[in-house]
Amino acid sequence: MALQSNLAIAAIQSVNDFVVKFANVNGSGSASANALFAKSVLRMGVPASSRNIFPSNIQGLPTWYEVRISESGHLGRRGGVDLMVAMNPETWDEDVAEIEAGGYLFYDSTKPLPPSKFRDDVNVIGAPLTAICNREYTDARQRQLFKNIIYLGVLSALLEIDVTVIETLISEQFRGRDTLIKPNLHALHLGREWAREELQCPIGLRLNPADKVGDRIFITGNDAAALGCVYGGATVAAWYPITPSSSLAEAFSAHCHRLRRDPDTKKKRFAIIQAEDELSAIGVVIGAAWNGARAFTATSGPGISLMQEFIGLAYFAEIPAVIFDIQRGSPSTGMPTRTQQADILSCALASHGDTKHVLLFPQDPREGFAFAADALDLADRLQTPIFVMMDLDIGMNDWLVEPLEWDDSRRYDRGKVMTAELLDNGVEFGRYLDVDGDGIPYRTYPGTHPVRGAFFTRGTSKDRYARYSEEGPDYVDNMQRLLHKFETAKRLVPRPIARAAPEPTRFGAIYFGSTAPAMTEALEALEERGIHLDTMRIRAFPFHDDVLDFVAAHDRVFVVEQNRDAQLRTLLISEGDLDPARLVPILHYDGTPVTARFIVRAITDMLDVVTLAPLRKALP
Amino acid sequence: MTYIAKPRLHHPKLPTNALGFTRRDYEGAVSTLCAGCGHDSISAAIIQACYELSLPPHRIGKLSGIGCSSKTPTYFLGKSHGFNSVHGRMPSVLTGANLANRDLVYLGVSGDGDSASIGLGQFAHCLRRAVNMVYIVENNGVYGLTKGQFSATADKGSKARRGAVNTDAPIDLVALALQLGASFVARSFSGDKVQLVPLIKAAIEHKGAAFIDVISPCVAFNNNPESTKSFDYVRAHNETVNRLDVILGRDEITADYAPGTLETVVQHDGSILRLRKLAADYDPCDRISALTYLQQRHAAGEIVTGLLFVEPEAGDMHDLLDTVDAPLNGLGERDLCPGSAALARYNAAHR
């Protein structure tokens, strides 16, 4: 079973820079073997990122795991596949079609396939995995599970992965369940030895030990954001299970059980409610925050839709709340296990009436951790809902990021809270009175003072002293103060990050969130083609003045987003009162994470249009 | 209007409770409900109960949803924080408030539209979770604020003032509460203060989810003789199972009831509930027989009132969650933040 070499095109040769994609059936136990593969690359000191592309079911449907290996550190999706590990007959045709010309196809050759099933510009590597398993194991489940480890062994030979690294990882993975270590190592070597005897090893794609990973860590955004909530002092979490946010709430529970129990009594310094629905979840958060606890919920688009009425209440009655929106393919049930950035407008303007909300856009799990803690501070400081806009790509995929950091001298910003001492000293208290000129009033926690500081919280309009009022001037006064508070928010939210192109340019690009790594790679590729773009990564709404200055400084600004309707662009136009013609939408919304190649192609195509079309005219 | 404050002057010789507060200190703003509304009687009963229990007014949180009943927290306990939330969602807000600070007393005030229609889900789930609270439904069978539509507790065949007949089956919140695991379930009538005040006191003393369904005739839209929620109907069909006295641990215990008609229940906090039994075969500590009795009397056209069920040693949500004794809203960085050393361990475990 040797490598076919009658190619019309040269086989791809690349060390430490290629894309491997595993096509599996979900529920077959492939996930842990695939994760072992990605981790072994990292342990060899070669940067890698992984993306799980999975269906909304538990067993039997196609699932893919894409690993980007890049010594130069590009961790977004590149686009295209160099080595396809095709383990799912159902998706064979599309998987084979996705391979780069000159790339490699690895498959289970137990059952012969007709030549029509292959491409003549792809290197085919067959291994009779099922036959090997059937020979080695009698138990059906073992045959299935060890098949995954066996192909990992084969790949270790084909790609020259350091086998001791995989051995170590297996030992770590099964620590405490030591009886499982030996059989897994056996399966690993079974595959590896078979490949070394039967196949031409290595192939053109190879791994060389490098020193490019450093002390970086490999984590998901949901895990990191949940940890950020622990560090940021959240004590109450309420949630309703929804993909892709559930693992955030579950991780919060796991972190809290480890880190947040009274050392003596083992009692919990946290409370987690799995609510009956998203309405209840946000209600619990609002009730807890009203009463002085730091509280959050995690959800996705459909949950945001359900929470609308409560979000308006929290905005109008000025109650802190932190809402993680792990965005997925929308609208409606949409593509529950695919990624998008399509809730920008539904969060920014959530609820009926005139509302505007603070959004944070972390670019990766590391910022997910940092922004989670920041959001809890901002919610208390601004007394309003804060949305942390993650997505499935950040939330559920393992990302290689710099280690998480925490400054032990940091103190929680609990915002403007009137204490019993202040009330005793005769400080005037008006729940909706702007005493500092920043639009943010003082509040009291229930139970603070026997006779002063009590007020009635309501969703109806009221005067500065929280007294019910339907008087026009009282209403307008309050609504204007809320606007003023939103201006204050501009100064408090994370600033955008600007990067100047190596050469002066009249073109800019704005991007945010999980687009970041693909964007970085795309910029490099564009520069190689002589296309220079200044960039700005937006990290929050309301937009900092820097954003408007950036747009003003360029003739055209590409706005790269992962949704159909250019939602961030819409927000930029309306909030910044910008000429729409200056903002050119670059939109990727098929549910997969955006690739560097897509951005390069889309911007290159658009540049042709832009440079041909007269300025100040709307673009298609 | 609700912003009209009551005059603070009162008779210098008004009696005071153990904290030195008069009954007036537990009052709120002037009610804007219709004259004669049953809800105002319930507000008065809440004021009386809190006064008699000598509760510090600022240690009470009063929460409500939307509707006539949900407006009433403005009209009692003016020194307490109040939260008029969104329609049918008081239970979740109260649950969150309770999670944040387990040391306050929580009154959840709702109506039949708020709890039996739009908020039925939240009603059910907060009782399941054993939230330590007193959940009062001011039950009049109609939507008052929107001018007289039937609610989900209106009896089948019940006639509205303008003659419309309700064709849908009614929801009995008491039966639901019993089934959902509420550990204190009572029903009363807004016109029966002698029964209602002790029930509210006992519910406040109770640790766990206490539910009181108070039939409260709507004088504007549902007090016609055909309505099963009218003054006349309730008075004519009331089947009272017991009369309650609440004796706090600090009170002198007197025994002035005839033996054989008394049932004594000691609650978790030491308070003693003395039930003068009116229905000889009624056992208020048996959930199953309570449910059966309720349904038997309902079939006979009677409305059972009194303390229908109590689980005196019930725990609450915090017991189930095993949270620390201190209120969560009082914990600071020292208690909550694991610090950079723990983060370094997290980093090391993810390489």
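This is a predicted model: local features need pLDDT of at least 70, side-chain atom pairs count only at pLDDT 80 or more; totals for chains, interfaces and linings use all residues.
1. Overall build of chain B. Chain B contains 12 helices and 13 strands. Its radius of gyration is 21 Å, close to the 20 Å that the globule rule gives for 351 residues, so chain B is as compact as a globular protein of that length. Along the principal axes, the C-alpha atoms of chain B fill a box of roughly 75 × 50 × 50 Å.

2. Burial and contacts in chain B. Of the 351 residues in chain B, 54% are buried. When contacts between residues at least 6 apart in sequence are taken, 71% of them in chain B join residues at least 24 apart.

3. The contact of the two chains. Chain B gives 49 residues to the contact and chain A gives 58 residues. On the chain B side, at least two residues each come from strand E2 (81-84), H3, H5, helix H11 (333-336) and helix H12 (339-349). H3(B) has the largest share of that side, with eight residues. By class, the side of chain B that touches chain A has 20 nonpolar, 22 polar and seven charged residues.

4. Helix H5 of chain B. This helix covers residues 120-128, and its buried residues are Gln122(B), Phe123(B), Ala124(B), Cys126(B) and Leu127(B). The cover over these buried residues comes from both chains: it includes helix H9 (278-290) of chain A, and from chain B helix H3 (90-100), helix H4 (112-117), helix H6 (173-180) and strand E8 (209-215). H5 of chain B is also among the elements that supply at least two residues of the side touching chain A.

5. Ala466(A) sits in the loop between strand E17 (456-458) and helix H15 (472-492) of chain A. Since 22 other C-beta atoms lie within 10 Å, Ala466(A) is buried. A check of both sites is reasonable as a reading exercise: most residues other than glycine have a negative phi.

6. Helices H1 and H5 of chain A. The axes of helix H1 (residues 30-43) and helix H5 (residues 163-173) of chain A come within 9 Å and cross at roughly 120°. H1(A) and H5(A) are therefore oblique to each other, and the crossing is right-handed. From H1(A), the contact is made by Leu36(A), Lys39(A), Ser40(A) and Arg43(A); from H5(A), by Val165(A), Ile166(A), Leu169(A) and Ile170(A). These residues divide into five nonpolar, one polar and two charged.

7. Helices H7 and H12 of chain A. Here the axes of helix H7 (residues 221-231) and helix H12 (residues 365-382) of chain A come within 7 Å and cross at roughly 30°. That angle makes H7(A) roughly parallel to H12(A). H7(A) passes H12(A) in a right-handed crossing. In H7(A), the residues of the contact include Gly221(A), Ala224(A), Ala225(A) and Gly228(A). They meet residues in H12(A), among them Gly368(A), Phe369(A), Ala372(A) and Leu376(A). The contact of H7(A) with H12(A) has 11 nonpolar, three polar and one charged residues.

8. Cis peptide bonds in chain A. Thr243(A) and Pro244(A) are joined by a cis peptide bond, with omega about 5°. Pro244(A) is in the loop between strand E10 (236-239) and helix H8 (246-259) of chain A. The peptide bond from Phe541(A) to Pro542(A) is also cis, and its omega is near 10°. Pro542(A) lies in the loop between strand E21 (540-541) and H17 of chain A. Most peptide bonds are trans.

9. Asp549(A) is found in helix H17 (residues 545-552) of chain A. With 12 other C-beta atoms within 10 Å, Asp549(A) is exposed; the cut-off for that class is 12 or fewer. Asp549(A) and Ile304(A) are 245 residues apart along the chain, and their C-alpha atoms are separated by 32 Å.

Notes:
Residues are numbered from 1 along each chain as its sequence is written. Chains are lettered from A and ligands numbered from 1 in the order in which they are written. Helices (H or I, at least four residues) and strands (E, at least two) are DSSP runs, numbered from the N terminus. The radius of gyration is taken over C-alpha atoms; the globule rule is 2.2 Å times the number of residues to the power 0.38. A residue is buried if 20 or more other C-beta atoms lie within 10 Å of its own, exposed if 12 or fewer, and partly exposed in between; C-beta atoms are placed from the backbone. Two residues are in contact if their C-beta atoms, placed from the backbone, lie within 7 Å. Axes are lines fitted to C-alpha atoms, for helices over the stretch in contact, and angles run from 0 to 180 degrees between N-to-C directions. Angles under 35 degrees count as roughly parallel, over 145 as roughly antiparallel, 65 to 115 as roughly perpendicular and the rest as oblique. A crossing is left-handed if the near helix is turned anticlockwise from the far one by less than a right angle, and right-handed if clockwise. Ala, Val, Leu, Ile, Met, Phe, Trp, Tyr, Cys and Pro count as nonpolar, Asp, Glu, Lys and Arg as charged, and the others, Gly among them, as polar.
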